[in-house]
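User: Hi, I've got a structure to go through with you. Can we take it piece by piece?
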Amino acid sequence: MCLAIPGKVVDTFDQRGMRMAKVQFGGIVREACLEYVPETQIGEYVLVHVGFAISRIDEAEAERTYQALRDLDQLTELESPVVEEVEPGGYRQ
Amino acid sequence: MKYLDEYRDGDVAQKIVGEMRRIQTRPWVLMEVCGGQTHSIVKSGIDHLLPEGVELVHGPGCPVCVTPLEMIDKAHAIARQPNVIFCSFGDMLRVPGSDGDLFTIKSLGGDVRVVYSPIDCLKIARANPAKQVVFFAIGFETTAPANAMLAWRAREEQVSNVSLLVSHVLVPPALEVILQAPDNRVQGFLGPGHVCAVMGYSEYDPISARYQVPIVVTGFEPIDILHGTLMTLQQLEEGRAVVENQYSRVLGREGNLPAQKLVNRVFEVIDRKWRGIGTIPMSGFRLRDEFAQQDAEKLFDVAEIATLEPEICISGQILRGIKKPHDCPAFGTLCTPQRPLGATMVSAEGACAAYYAYGRHLKPQAAETLSQIVAASSGSHQGAIANGQL
């Protein structure tokens, strides 16, 4: 539950005033909030817990930890549904 | 690249265990605090690799496990309401309350959704203005910044139809409860790495000093856990008791300051009941009064539901490191992950569920081979050896 998964920041964007990123975890790209590591730049690696980057790490560490989590079957949270922003009454998750 | 790492890692693990054997003069009992560490230990068989007399017991750091049954029943009562979209992390869905689980409620027509991040609830709430979106905000300190952000943004963005059912717990008060018990066995802790990535580790200094126990903040990979165990043993054998950081490649003493700032802005510390353990003073968070509009317990009139845990369940003693899962007569028979009786069986990170999943039904089995155990890690630990730290 306190798992944090390393990923690479491949894009950053603003979401209603929150600094957000697209983070690549192996073959999956998910959004993560960068508010707690605001200095993070595109191309850097972060540890992400429930959609929030909580720490910056280096590339070698990220690679190693990702492999370790995969071997320990600890990547399932990345498969949680993606919630898209939709207008009221629009298609739901 | 991974194959080389596996090969090197076997050497690292053997060196670490060899060093444990060299310095160990008597039996020691250490506790890994975090459920993620427990999962890693049981899955990879680290506990069987350690020298005889170095025992790992499994701590209370599984938030799904320690969420009290009353709170789960409260969540279910809210989730059953027709105008509610109930959102949760995936691992809470299978936890049974007094009457079924969230999957049952979903199958009966309740709108129950798994979210990846708490702030997904903002999008769901904006898309469904006629519904109340309630998020089951459980977790330890690691998860608090994410949950705090949901409450904060809901208020700032004036998304009035989103609220949090908060059941947040804190690690340091639980360690004190373990250490204060007359039957305590724990002589040193592998501290929770990601909790400390958020909070830092200075709050563990007074605990280490007061109870004279080493606390080594430790990561989650098999090699991390072996290394953290060695660092703890070194302290015990040298008669030292301080806080050290095995996981320095991820965190520093001060933790994540922006995260701590928002957590303190949104939450305040209160007494919390822990499943299997009971009420621990000042051991959790609730939303501050200024976030009353985001507080599901204030918005939904859900009466306190008295619940009874099965008497046979020994999860309280397991969470405090006094007993192991196979000491329980119900383990694997009356109590399984499909029909859990208590705290340590309800989540994959609970000690009982981990023992069950990895075939520890009766008694310790032979460890997997060293190369399997450490297949997951390598790298920076080579540096530790090169630098003479081991």
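User: How many residues of chain A are in contact with chain B?
Analyst: 38 residues of chain A are in contact with 54 residues of chain B. In contact means that the C-beta atoms, placed from the backbone, lie within 7 Å. This is a predicted model, where local features need pLDDT of at least 70, side-chain atom pairs count only at pLDDT 80 or more, and totals for chains, interfaces and linings use all residues. Residues are numbered from 1 along each chain as its sequence is written, while chains are lettered from A and ligands numbered from 1 in the order in which they are written.

User: Which element gives the most to the side of chain A that touches chain B?
Analyst: Helix H1 (59-71) of chain A, with seven residues. Strands E3 (28-33), E4 (45-49) and E5 (52-57) of chain A each supply at least two residues as well. Helices (H or I, at least four residues) and strands (E, at least two) are DSSP runs, numbered from the N terminus.

User: And what is that side of chain A by class?
Analyst: It has 20 nonpolar, eight polar and 10 charged residues. Ala, Val, Leu, Ile, Met, Phe, Trp, Tyr, Cys and Pro count as nonpolar, Asp, Glu, Lys and Arg as charged, and the others, Gly among them, as polar.

User: New topic: chain B. In what order do the six strands of the open sheet come?
Analyst: The order is E4-E3-E5-E6-E11-E10, with mixed pairing. Two strands pair if DSSP finds at least two bridges between them.

User: Which strands stand at the edges?
Analyst: E4 (111-114) and E10 (267-274) of chain B. Each has a single partner strand, so one side of each is left without a neighbour in the sheet. Neighbouring strands are turned by 25° against each other on average, direction ignored. Axes here are lines fitted to C-alpha atoms, for helices over the stretch in contact, and angles run from 0 to 180 degrees between N-to-C directions.

User: What does E4(B) pair with?
Analyst: Strand E3 (residues 84-88) of chain B, in the parallel sense, over four bridges. For example, B:Ile85 has B:Asp111 in E4(B) as its bridge partner.

User: Now E6(B). Mostly covered or mostly open?
Analyst: Strand E6 (residues 162-169) of chain B is mostly covered, with eight of its eight residues buried. Buried means 20 or more other C-beta atoms within 10 Å of a residue's own, exposed means 12 or fewer, and partly exposed is in between, with C-beta atoms placed from the backbone.

User: Which way do its residues point?
Analyst: B:Val162, B:Leu164, B:Val166 and B:His168 point one way, and B:Ser163, B:Leu165, B:Ser167 and B:Val169 the other. In a regular strand the side chains alternate between the two faces of the sheet.

User: What are the partners of E6(B)?
Analyst: Strand E5 (residues 132-139) of chain B runs parallel to E6(B), joined by seven bridges. E11(B) pairs with E6(B) in the antiparallel sense over two bridges. There, B:Val169 has B:Gly284 as its bridge partner.

User: Which helix goes with E5(B) and E6(B) in the β-α-β unit?
Analyst: Helix H8 (residues 144-156) of chain B, and the unit is right-handed. That is, with the strands pointing away from the viewer, the path from the first strand over the helix to the second runs clockwise.

User: How many residues of H8(B) are buried?
Analyst: 11 of its 13 residues. Among them are B:Met149, B:Leu150 and B:Trp152.

User: Last one: B:Phe103. Where is it found?
Analyst: In helix H6 (residues 102-107) of chain B. B:Phe103 is partly exposed, because 14 other C-beta atoms lie within 10 Å. Leaving aside neighbours within four places in sequence, B:Phe103 is in contact with B:Leu93 and B:Arg94.

Technical notes
Contact = placed C-beta atoms within 7 Å.
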